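Thank you all for coming.

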Amino acid sequence: MKISEAKIQLEDNAFSQVEIRKNPANMEEYIALLYTHNGKTFMLAYENNTVLSSPDLEHIVLMLKNIGFKKAKIYF
(Lines give C-alpha, C1' and ligand atoms only; values in the text may rest on other atoms or scores of the structure.)
Protein backbone atom coordinates (compact mmCIF):
# COMPACT_ATOMS: atom_id res chain seq x y z
CA MET A 1 0.00 0.00 0.00
CA LYS A 2 1.35 3.38 -1.00
CA ILE A 3 2.12 5.96 1.70
CA SER A 4 -0.59 8.32 0.37
CA GLU A 5 -3.17 5.51 0.46
CA ALA A 6 -2.14 4.56 4.00
CA LYS A 7 -2.71 8.16 5.17
CA ILE A 8 -6.25 8.12 3.76
CA GLN A 9 -7.01 4.66 5.18
CA LEU A 10 -5.67 5.69 8.60
CA GLU A 11 -8.08 8.64 8.68
CA ASP A 12 -10.91 6.14 8.08
CA ASN A 13 -9.61 3.94 10.95
CA ALA A 14 -9.02 1.03 8.57
CA PHE A 15 -6.05 -0.51 10.40
CA SER A 16 -6.17 -2.84 13.38
CA GLN A 17 -2.40 -2.90 13.89
CA VAL A 18 1.00 -2.10 12.41
CA GLU A 19 4.10 -4.26 12.64
CA ILE A 20 7.74 -3.62 11.84
CA ARG A 21 9.47 -6.84 10.85
CA LYS A 22 12.61 -8.08 9.14
CA ASN A 23 12.37 -8.04 5.36
CA PRO A 24 12.18 -11.70 4.25
CA ALA A 25 14.01 -10.77 1.03
CA ASN A 26 16.87 -9.14 2.95
CA MET A 27 17.15 -9.96 6.65
CA GLU A 28 19.32 -6.87 7.23
CA GLU A 29 16.38 -4.57 6.45
CA TYR A 30 13.02 -3.82 8.06
CA ILE A 31 9.57 -3.39 6.49
CA ALA A 32 6.21 -2.19 7.81
CA LEU A 33 3.13 -4.42 7.62
CA LEU A 34 -0.32 -2.86 7.88
CA TYR A 35 -3.21 -5.04 9.06
CA THR A 36 -6.81 -4.04 8.34
CA HIS A 37 -9.83 -4.85 10.47
CA ASN A 38 -11.15 -7.19 7.75
CA GLY A 39 -8.01 -9.37 7.85
CA LYS A 40 -6.01 -8.04 4.90
CA THR A 41 -2.29 -7.36 5.23
CA PHE A 42 -0.33 -4.78 3.24
CA MET A 43 3.34 -3.88 3.01
CA LEU A 44 3.94 -0.14 3.16
CA ALA A 45 5.38 1.14 -0.13
CA TYR A 46 6.65 4.35 -1.69
CA GLU A 47 4.52 6.10 -4.31
CA ASN A 48 6.25 4.15 -7.10
CA ASN A 49 5.04 0.87 -5.45
CA THR A 50 8.53 -0.05 -4.23
CA VAL A 51 8.33 -1.63 -0.78
CA LEU A 52 9.52 0.74 1.92
CA SER A 53 12.46 -1.09 3.46
CA SER A 54 15.50 0.11 5.35
CA PRO A 55 18.35 -1.26 7.45
CA ASP A 56 17.71 1.73 9.74
CA LEU A 57 14.83 0.96 12.10
CA GLU A 58 14.48 4.66 12.90
CA HIS A 59 13.70 5.42 9.23
CA ILE A 60 10.73 3.04 9.29
CA VAL A 61 9.48 4.45 12.61
CA LEU A 62 9.72 8.04 11.34
CA MET A 63 7.83 7.14 8.16
CA LEU A 64 5.03 5.57 10.22
CA LYS A 65 4.90 8.62 12.51
CA ASN A 66 4.77 10.89 9.44
CA ILE A 67 1.74 8.96 8.17
CA GLY A 68 0.07 9.39 11.54
CA PHE A 69 0.45 6.04 13.28
CA LYS A 70 0.75 6.27 17.06
CA LYS A 71 2.04 2.76 17.79
CA ALA A 72 3.53 -0.31 16.13
CA LYS A 73 4.80 -3.70 17.22
CA ILE A 74 8.47 -4.28 16.46
CA TYR A 75 9.93 -7.72 15.81
CA PHE A 76 13.72 -7.98 15.71
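This is a predicted model: local features need pLDDT of at least 70, side-chain atom pairs count only at pLDDT 80 or more; totals for chains, interfaces and linings use all residues.

Residues are numbered from 1 along each chain as its sequence is written, and side-chain values use heavy atoms, with hydrogens and water left out.

Let me begin with the rings. A search of the whole structure finds one aromatic pair, where a pair means rings of Phe, Tyr or Trp (for Trp, its six-membered ring) with centres within 6.5 Å, called stacked if the planes are under 30 degrees apart, edge-to-face if over 60, and tilted for the rest. The partners are Phe 15 and Phe 69, which are tilted, with 5.5 Å from centre to centre and 55° between the planes. They link distant parts of the chain, since Phe 15 is in strand E1 (residues 15-23) and Phe 69 is in the loop between helix H2 (57-67) and strand E5 (73-74), 54 residues apart. Helices (H or I, at least four residues) and strands (E, at least two) are DSSP runs, numbered from the N terminus.

Ala 6 and Phe 69 are 63 residues apart in sequence, and their C-alpha atoms are 9.7 Å apart in space.

Now to the charges. The structure holds one salt bridge, which is defined as a side-chain nitrogen of Lys or Arg within 4 Å of a carboxyl oxygen of Asp or Glu. Here the side chains of Glu 19 and Arg 21 meet, at 2.7 Å from N to O. Glu 19 counts as buried because its relative accessibility is 4%, whereas Arg 21, at 30%, is partly exposed. The charged end of Arg 21 also sits over the ring of Tyr 75, 3.9 Å from its centre; for this, NZ of Lys or CZ of Arg must be within 6 Å of the ring centre and within 35 degrees of the ring normal.

What lines the largest pocket? Among its lining residues are Asn 13, Phe 15, Val 18, Phe 69 and Lys 73, and the largest share of the lining, four residues, comes from E1.

Finally, consider two asparagines. Most residues other than glycine have a negative phi. Asn 13, however, has a positive phi of about 55° although it is not a glycine; it is found in the loop between H1 and E1 and is exposed, with a relative accessible area of 53%. Asn 49 likewise has a positive phi, of about 70°, lies in the loop between strand E3 (41-43) and strand E4 (53-54), and counts as exposed at 53% relative accessibility.

Terms used. On a 1 Å grid over the protein atoms alone, a cavity is a set of points where a 1.4 Å probe fits but cannot get out, and a pocket is an open set with protein on both sides within 12 Å along at least five of seven lines; lining residues have an atom within 4 Å of a point. Buried means under 20% relative accessible area, exposed over 50%, partly exposed in between (1.4 Å probe, protein chains only).
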